[in-house]
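Please have a look at the sequence and the model before I go on.

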Amino acid sequence: MKAILINGSPRKKRNTAQMLAAAEEGAKAAGAETEWIHLYDYEFTGCKSCFACKLKNSTTEGICAPRDAARPLLEKAVDADVLIFGSPVYFGYPTGQLRSFLERLLFPNMTYLAGPDGKYLPGARRQIMTGVIYTMNCPEGMMKQLNYPTLLETTAESIDSIFGHSEVLYAYDTYQFGDYARYDITAFSEEHKREWREQQFPRDLEAARQLGMRLVELAREA
Ligand SMILES: Cc1cc2nc3c(=O)[nH]c(=O)nc-3n(C[C@H](O)[C@H](O)[C@H](O)COP(=O)(O)O)c2cc1C
């Protein structure tokens, strides 16, 4: 049983990575082997519309055709039992690096073939249990006002429709800097951020741990 933590944050030790580490703890406790992919360690672009994966008699088999730095990561991803993506929210969306990776992962695993209900027939070789963890500066109320759930859950719905299961977890109001005093900020208070970090973030980490555990258990039952 293999679970991969896919970090879509450029930072390897901060909010998103900490949430992924908690999910990893849960996945390990449920008996999975784990591996990390830090997407910002690799240079690749999103889908370039080559359509090799949509050719008649295509031989791509769910792996995006271009042979670049993303390819070995994509090969690993489609062989995993559980994929847990993490991303900070950047201007209402997952980071560009995660979006590029998802274009490359998802498009070769969907078909342009119409099913009886008019929807595309699924193309993934197998079901993969997936989760998407988002961390953001916004408090919960503001993120709802800004329509983030619709924007962010669209990504999870695409993953769900292709790999069969996706869950979303949010950590709000994150502590962004090591030392707020060094930065030019008046829009939010360091004191509030620190309190939230001390009181709420441990609960967010526990929710991430539960998510990791649940996805591995679901993969085992599938
Ligand atoms: C380029 C950039 C854009 C951001 N845009 C948003 C945003 O639209 N909404 C939000 O709530 N937070 C935004 N943030 C804050 C981060 O999402 C938040 O601090 C996140 O928890 C950082 O994750 P990390 O610690 O893994 O880097 C942005 C941060 C950066 C650097």
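This is a predicted model: local features need pLDDT of at least 70, side-chain atom pairs count only at pLDDT 80 or more; totals for chains, interfaces and linings use all residues.

Let us begin at the ligand, where one of its nitrogen atoms is 2.8 Å from an N or O atom in the side chain of Y148, a polar contact, that is, a pair of N or O atoms within 3.5 Å, where within protein one atom must be able to donate a hydrogen and the other to accept it, and residues adjacent in sequence count only if both atoms are side-chain atoms. Residues are numbered from 1 along each chain as its sequence is written, and side-chain values use heavy atoms, with hydrogens and water left out.

In total 17 residues surround the ligand, the closest being T16, V89, T135, Y148 and T174, where a residue counts as near if one of its heavy atoms lies within 4 Å of the molecule or strand in question.

Now to the helices, which here are DSSP runs of H or I with at least four residues, while strands are runs of E with at least two, both numbered from the N terminus. Two packed helices are described by the angle between their axes and the distance between the axes; the axes are lines fitted to C-alpha atoms, for helices over the stretch in contact, and the angles run from 0 to 180 degrees between N-to-C directions.

How do the axes of helix α1 and helix α7 cross? Helix α1, residues 15–29, and helix α7, residues 201–221, have axes that come within 6 Å and cross at roughly 45°. Therefore α1 is oblique to α7, since angles under 35 degrees count as roughly parallel, over 145 as roughly antiparallel, 65 to 115 as roughly perpendicular and the rest as oblique. Among the α1 residues that meet α7 are N15, Q18 and M19, and their partners in α7 include F201, D204 and L205, with contact meaning heavy atoms within 4.5 Å.

Helix α7 also packs against helix α6, residues 190–199, at an angle of about 40° with the axes 4 Å apart, so α6 is likewise oblique to α7. This contact is made by W196, R197, E198 and Q199 of α6 and by F201, P202 and R203 of α7.

Finally, K54 lies in the loop between β2 (33–38) and α2, and K54 touches F107, P108, M110, T111 and Y112, not counting residues up to four places away in sequence. The backbone oxygen of M110 lies 3.0 Å from a polar atom of the K54 side chain.
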